[in-house]
Amino acid sequence: MLSVSSLMVLAQAAAGQVGSGRIQGGWGYVWVSYGITWGALALYSLSLWLRRPQATPGPKE
């Protein structure tokens, strides 16, 4: 059975293997995700515009 002190030693050893917790770079993924989002919104807007109800002339009064 592990004692508390040996668990602390294992935790400190594992913490040394972990990075600083900051993502380096990655801006390419951010810009691609923005592009996908804006593209999807543009396509959705276009589909709404194409499916809009056409004005039908009513009876003249």
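**Exposed rings in a predicted chain**

Q: Why is Trp27 called exposed?
A: Trp27 has 57% relative accessibility. Exposed means over 50% relative accessible area, buried under 20%, and partly exposed in between, with a 1.4 Å probe and protein chains only. Trp27 therefore counts as exposed. Its place is in helix α2. The model is predicted: local features need pLDDT of at least 70, side-chain atom pairs count only at pLDDT 80 or more, and totals for chains, interfaces and linings use all residues. Numbering runs from 1 along each chain as its sequence is written, and side-chain values use heavy atoms, without hydrogens and water.

Q: How many residues of the chain are buried, as a percentage?
A: Buried residues make up 0% of the 61 residues.

Q: Why is the pair of Trp31 and Tyr34 called tilted?
A: The structure holds one aromatic pair. The ring centres of Trp31 and Tyr34 are 5.8 Å apart, and the planes stand at 45°, so the pair is tilted. Rings of Phe, Tyr and Trp (its six-membered ring) pair with centres within 6.5 Å; planes under 30 degrees apart are stacked, over 60 edge-to-face, the rest tilted.

Q: Where do Trp31 and Tyr34 lie?
A: Both are in helix α2, residues 27-50. They are three residues apart, about one turn of the helix. The chain has two helices and zero strands. These are DSSP runs numbered from the N terminus: helices (H or I) of at least four residues, strands (E) of at least two.
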